[in-house]
Amino acid sequence: TNAGLIDASRRGGTMHQSETIIRQIYFGFDAETLYLRFDLALFFEKDPVGNQENGDKENLSLNLFFLEKGLKISVPLVRKKENLEYVIFEKAKDETWVELTRDNGAGYDKILELAVKFKEIKGGGGEVLKLTATVEISGAVIERCPEFGAIQITLPGADYESQLWSV
């Protein structure tokens, strides 16, 4: 399939459930791009005038970790409907994160949307991506999704378009 949904709105068992910041993660792709949408439950204070929300949370970011690739995408949670810049990092041998590139293919208002070219994450050819998402404040993880394991997304192979358009 070329689309999916992870519902992370409730955590815990029958006796104890807790609210989450990352409510749902939607994903899909075309032949060249991975599209991600994060529905987030962030509460914002009213501005001094009292009629608009101030959506910026200082030092708050959403991070995607591509586990088997040693890559991380970091997106600041600053309200900007389009051209929001994200950074792609690669894990170095000394376990530090080194910046690879920046792109402005994100937008955030009440939801976070992200378009990532496969070439930016060194992906494609039918491979399976394993990723996790975290919400961090000043570098400290305050939430991980999924709580255990990883999201698995199978990227399109060379015959992707012909499979979709066969009669």
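A residue is called buried when its relative accessible area is under 20%, exposed when that area is over 50%, and partly exposed in between. The model is predicted, and the residues below are described with that in mind.

**Leu-5**
- Leu-5 belongs to strand S1, which covers residues 3–7.
- Apart from residues up to four places away in sequence, Leu-5 touches Gln-24, Ile-25, Tyr-26 and Phe-27.
- Although Leu-5 and Gln-24 are 19 residues apart along the chain, their C-alpha atoms are separated by 6.9 Å.

**Asp-39**
- Asp-39 is found in strand S5, which spans residues 33–40.
- The relative accessibility of Asp-39 is 12%, so this residue counts as buried.
- The side chain of Asp-39 makes a polar contact of 2.7 Å with the side chain of Arg-37.
- Once neighbours within four places in sequence are set aside, the contacts of Asp-39 are Ile-21, Ile-22, Arg-23, Gln-24, Tyr-26 and Ile-111.

**Gly-149**
- Gly-149 is placed in the loop that runs between strand S12 (140–145) and strand S13 (151–154).
- Gly-149 is partly exposed, because its relative accessible area is 48%.
- Not counting residues up to four places away in sequence, Gly-149 touches Thr-132 and Arg-144.
- The C-alpha atoms of Gly-149 and Leu-131 are separated by 8.8 Å, while the two residues are 18 residues apart along the chain.

Conventions: Residues are numbered from 1 along each chain as its sequence is written. This is a predicted model: local features need pLDDT of at least 70, side-chain atom pairs count only at pLDDT 80 or more; totals for chains, interfaces and linings use all residues. Side-chain values use heavy atoms; hydrogens and water are left out. Helices (H or I, at least four residues) and strands (E, at least two) are DSSP runs, numbered from the N terminus. Buried means under 20% relative accessible area, exposed over 50%, partly exposed in between (1.4 Å probe, protein chains only). A polar contact is a pair of N or O atoms within 3.5 Å; within protein, one must be able to donate a hydrogen and the other to accept it, and residues adjacent in sequence count only if both atoms are side-chain atoms. Contact means heavy atoms within 4.5 Å.
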